[in-house]
Amino acid sequence: MSVSLRSTLRHRSHQDVACAGCSLRAGSLCGAIGDEGLRHLASVASAGIAQPGRLLIEEGKPANDFYTITAGTTRLFKLLPDGRRQITRFAGAGYFLGLVGSDTHAFSAEAIGALRYCRFSRHELHGLMDEFPALM
């Protein structure tokens with residue numbers, strides 16, 4: 001087994017444990033998936049950390065990824081024609097960001113402090129919805 005594959009399997013196994021023990025799961029989108037689906041959920045989620053000021057979502061950019069905030073806070077805003085930002089809300093742990101009906105994001109989301117999240121690709125999330133209709 002290659003080192004890369006071994007590392008991937010070790011990460012996936014760790015992610016399975018993280019999904020099973022996540023205190024936010026019951027009250028978030030992920031709670032729609034029962035224990036039997038955790039392995040599949042973990043296989044399509046990728047955990048990440050964003051430093052303060054990093055954009056997770058950028059207004060007008062393709063909506064390819066969606067995020068569940070697991071720790072920290074994001075500032076959601078829209079850009080005004082004169083270059084100012086209009087803050088529309090703050091989103092913290094448990095919020096699911098980025099699911100839109102169009103192909104582009106209608107707002108931006110920026111990490112205020114250190115932020116932890118789980119990222120799902122649009123394609124993989126739609127696959128999960130097919131397998132677990134409760135996600136709809």
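This is a predicted model: local features need pLDDT of at least 70, side-chain atom pairs count only at pLDDT 80 or more; totals for chains, interfaces and linings use all residues.
Let me start with what helix α3 packs against: its buried residues, buried meaning under 20% relative accessible area, exposed over 50% and partly exposed in between, with a 1.4 Å probe and protein chains only, pack against α2 (38-44), β3 (65-71), β6 (96-97) and β8 (115-121). Residues are numbered from 1 along each chain as its sequence is written, and side-chain values use heavy atoms, with hydrogens and water left out. Helices (H or I, at least four residues) and strands (E, at least two) are DSSP runs numbered from the N terminus.

The helix itself covers residues 122-131, and its buried residues are R122, L125, L128 and M129. Seen down the axis of α3, these fall within an arc of 120°, so they line one face of the helix; the arc is that of the directions from the helix axis to the C-beta atoms. On the face turned away from that buried side, we find the exposed residues H123 and D130.

In strand β8 lies S121, which is buried at a relative accessible area of 16%. Leaving aside its neighbours within four places in sequence, S121 is in contact, that is, has heavy atoms within 4.5 Å, with N64, D65 and F66.

Turning to the sheet, 4 strands form an open sheet in the order β2-β7-β4-β5, with antiparallel pairing, where two strands pair if DSSP finds at least two bridges between them. Its edge strands are β2 (55-57) and β5 (85-91), each of which pairs on one side only. Between β2 and β7 (residues 108-111) the antiparallel pairing runs over 2 bridges, and I57 stands opposite A109 in β7.

Finally, the salt bridges, each a side-chain nitrogen of Lys or Arg within 4 Å of a carboxyl oxygen of Asp or Glu, come to a count of 6. One of them joins the side chains of R75 and E110 at 3.2 Å, N to O, and this pair links distant parts of the chain, with R75 in strand β4 (residues 74-79) and E110 in strand β7, 35 residues apart. E110 counts as buried, at 11% relative accessibility, and R75, R85 and E110 are linked in a network of salt bridges.

Coming back to the helix, R122 forms a salt bridge with D103, the closest N and O atoms being 3.9 Å apart; R122 is in helix α3, while D103 is in the loop between β6 and β7, 19 residues apart.
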